[in-house]
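Student: Please show me the structure. Then let us go through it by question and answer.

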Amino acid sequence: QLLLPEIATEYFSLLDEVEGRVHAQVTLAKEPSEADRTALAAQLSRALGKTVVPHVAVNPGILGGVIVKVG
């Protein structure tokens with residue numbers, strides 16, 4: 001049984017923790033521009049006090065705004 005995938009996942013989780021980084025699932029109604037992505041990451045980082053790495057998904061079914069899931 002290969003443990004490398006589990007070891008890699010745990011390593012990156014520990015690295016994120018040490019570097020004060022969190023990953024956030026972000027859902028928007030439309031595809032953001034690069035400037036919007038940068039601004040969103042900066043605002044989330046300020047709000048959470050950590051460096052936020054946004055993983056953006058587009059769902060035209062939402063009327064507007066942003067859905068953010070962290071942790």
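Student: Which residues is Thr 27 in contact with, leaving aside its neighbours within four places in sequence?
Tutor: Contact means heavy atoms within 4.5 Å. This is a predicted model, where local features need pLDDT of at least 70, side-chain atom pairs count only at pLDDT 80 or more, and totals for chains, interfaces and linings use all residues. Residues are numbered from 1 along each chain as its sequence is written, and side-chain values use heavy atoms, with hydrogens and water left out. With those sequence neighbours set aside, Thr 27 touches Ala 57, Asn 59, Ile 62, Gly 65, Val 66 and Ile 67.

Student: Is Thr 27 buried or exposed?
Tutor: Buried means under 20% relative accessible area, exposed over 50%, partly exposed in between (1.4 Å probe, protein chains only). The value for Thr 27 is 19%, so this residue is buried.

Student: What is the bridge partner of Thr 27 in S3?
Tutor: Thr 27 lies in strand S1. Strands (E, at least two residues) and helices (H or I, at least four) are DSSP runs, numbered from the N terminus. Two strands pair if DSSP finds at least two bridges between them; S1 and S3 (residues 66-70) do so over five bridges, in the antiparallel sense. In S3, the partner of Thr 27 is Ile 67.

Student: In which sense do S1 and S2 pair?
Tutor: S1 covers residues 21-28 and S2 covers residues 51-58. Leu 28 stands opposite Val 58 in S2. Over eight bridges, the sense of S1 and S2 is parallel.
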